[in-house]
Amino acid sequence: MSTLKSNRFGRYLTYVIGEITLVVVGILIALSINNFSERRKQEGRLRNIFLTFQKDIENDIADIDRVVKYYSGNQEAFEQIMNGSMNKAQFKECRDCTFLITGHNSFNIEIRGYEALKSFNSAYDEDSLVNQIVQSMTASIENINDIDELIRESITKDLESWRDQHDWFSDFAQEIVSDDYMEFATTDQTYRNQASWRYILIYGNYMRQVDTFREQLVGFREAINERLEN
């Protein structure tokens, strides 16, 4: 009798263990399927974000090329004013010289894709490419915005000094190029110094940051294309 009870208990125990095993296996399979499904959703989200970021890259590169073209075309005028070789007639004929040091041709960095990539890395496991892009973009945006702000502050300071010291400023504010203003721009050491400082900010700092940023964007575009093709 004891042996029979023991056999029955053994069969029952085997049955229970089997049932538990089936339940555990079922749970593991369900978790695996859920994880796979979630991973596929994440990959889909990331792909869409990459596509958005690629559009941002194209827009940024187009804007950068526009800015580079503008400042490359005006570099000689800056240098002529700095070394005192530009006369009033040349200044008058120069298309951009009137507002050469009081205008700033900049661009706004597209941040839709960048912000989405930051949010993605915060919500899910960090992706190495996403992490690289976010870190590089964060540094570039900060550097470009900082020098951009310096240029704008410098322009504001110069305009305020012209307003307070020169009678021709009211004409200048109306975009009227007076002889007195052209005389100031081509002969006055103060204007040369202001142009020289703006030259340092633009060509020594801003354009270098912009060129570096463009190279980064091209690299990101290639890396994303490679990722999306795999």
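A residue is called buried when its relative accessible area is under 20%. Keep that cut-off in mind for what follows, and also that this is a predicted model.

Start with Asp-127, which sits in the loop between α3 (112-123) and α4 (128-165). Its relative accessibility is 16%, so Asp-127 counts as buried. What does the side chain of Asp-127 reach? The backbone nitrogen of Leu-129 is another, lying 3.0 Å from a polar atom of the Asp-127 side chain. If you set aside neighbours within four places in sequence, Asp-127 is in contact with Leu-46, Asn-121 and Arg-227.

Now for the rings. How many aromatic pairs does a search of the whole structure find? The count is 19. Take Trp-162 and Phe-184: the ring centres are 5.8 Å apart and the planes meet at 85°, so this pair is edge-to-face. The pair links distant parts of the chain, with Trp-162 in helix α4 and Phe-184 in helix α6 (residues 179-187), 22 residues apart. Both rings also belong to a cluster linked by ring pairs, whose other members include Phe-91, Phe-99, Trp-168 and Tyr-191.

| Residue | Relative accessibility | Class |
|---|---|---|
| Asp-127 | 16% | buried |
| Trp-162 | 1% | buried |
| Phe-184 | 5% | buried |

Definitions and conventions. Residues numbered from 1 in each chain as written. Predicted model: local features only at pLDDT ≥ 70, side-chain atom pairs only at ≥ 80, totals over all residues. Heavy atoms only, no water. Helix = DSSP H or I, 4+ residues; strand = E, 2+ residues; numbered from the N terminus. Buried < 20%, exposed > 50% of the residue type's maximum accessible area, 1.4 Å probe, protein only. Polar contact = N/O pair within 3.5 Å; in protein donor to acceptor, adjacent residues only side chain to side chain. Contact = heavy atoms within 4.5 Å. Phe/Tyr/Trp six-rings, centres within 6.5 Å; stacked < 30°, edge-to-face > 60°.
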